[in-house]
Amino acid sequence: IVISEVIRDLVRVRHGRNAFLIPNGVVPVEPRVDRNLVEEFGLEPGRYFLQVSRMVPEKRQIDLIRAFSRSRPAGWKLALVGALGDDEYSARVDDLARSTPDVVLTGFQKGTSLAQLYSHAGSFVLPSTHEGLPIAILEALSYGLPVLASDIPANLEIGLGPAHYFAKGDVDALASALERAAAEPIDTDRRAERRRWVLERYDWERIARQTLDVYRAVSRS
């Protein structure tokens, strides 16, 4: 069982085996109204870009910081959620973030604090170069967030539409996408539509049934 066409193709090419495609799902959430933890980070609801990921080169936090620095939409900040390690890449992210105005490193977050950060973000951004199935995008959509993502196959597979994608590794294209996103007013109806859309496509109950069907098929073969 694989979670995306990207991985199914990889299994087919590298190992000569076919695989069943069953994606991961998302858990229904209710966006938080409380914002105290968001405000503790100096963030204004609806006026910050959010990335939630591991601090590793393929997540391209440095690209995102540089793009944000070039675009600098008035009144907006960039929040990077994830634990910094003791490796060279984490050190580079830390140095660049601290030297770039309005970039906030929140460290690792979970539970209520992470839910608040998702709930009150203006837009979610994932400029990664490698993904299997980007769970963070699905989580962002479950909160109704507008999403910007690099145009790698795994991100495109989610099917957000052309306006949500930018060229992988192109900092100028990402900066332009941030500018456009910041200019868009918050649309509560569209956020509700995104929540419904992702829950319909990535429903755990259907996924569980599909997985059981695979087990039954294999056991009979």
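Trainee: What is the relative accessibility of glutamate 58, and does this residue count as buried, partly exposed or exposed?

Mentor: Happy to. Glutamate 58 has a relative accessibility of 27%, so it counts as partly exposed; buried means under 20% relative accessible area, exposed over 50%, and partly exposed lies in between (1.4 Å probe, protein chains only). A word on the ground rules: this is a predicted model, where local features need pLDDT of at least 70 and side-chain atom pairs count only at pLDDT 80 or more, while totals for chains, interfaces and linings use all residues. Residues are numbered from 1 along each chain as its sequence is written, and side-chain values use heavy atoms, leaving out hydrogens and water.

Glutamate 58 has arginine 54 as a salt-bridge partner, with 3.7 Å between the closest N and O atoms. The term needs a side-chain nitrogen of Lys or Arg within 4 Å of a carboxyl oxygen of Asp or Glu, and by this rule the count comes to 11. Another of these bridges joins arginine 60 to aspartate 63, at 2.8 Å between the closest N and O atoms.

As for naming, helices (H or I, at least four residues) and strands (E, at least two) are DSSP runs, numbered from the N terminus. Besides Asp63, the buried residues of α3 include Ile62, Leu64, Ile65, Ala67 and Phe68. The buried set packs against β1, β2, α4 (88-99), β3, β4 and α8 (171-183), where contact means heavy atoms within 4.5 Å. After the helix comes arginine 72, with a positive phi near 40 degrees.

Several of those neighbours belong to an open sheet of six strands with parallel pairing, in the order β3-β2-β1-β4-β5-β6. At its edges stand β3 (103-107) and β6 (165-166), each with a single partner strand, so one side of each has no neighbour in the sheet. Strands pair here if DSSP finds at least two bridges between them.

Leucine 50 is a handy landmark in the sheet. It stands opposite alanine 79 in β2 and opposite phenylalanine 124 in β4. The β1-β2 pairing has five bridges, and the β1-β4 pairing has two. Four of the five residues of β2 are buried, so the rest of the structure largely encloses this strand.

Moving on to β4, three bridges join this strand (residues 123-126) to β5 (residues 147-150). Phenylalanine 124 has valine 147 as its bridge partner in β5, and leucine 126 has alanine 149. In a regular strand the side chains alternate between the two faces of the sheet. In β4, Ser123 and Val125 point one way and Phe124 and Leu126 the other, and all are buried.

Finally, helix α5 (residues 111-120) lies across β1 (48-52), β2 (77-81) and β4, at about 135 degrees to β1. For that angle, axes are lines fitted to C-alpha atoms, for helices over the stretch in contact, and angles run from 0 to 180 degrees between N-to-C directions.
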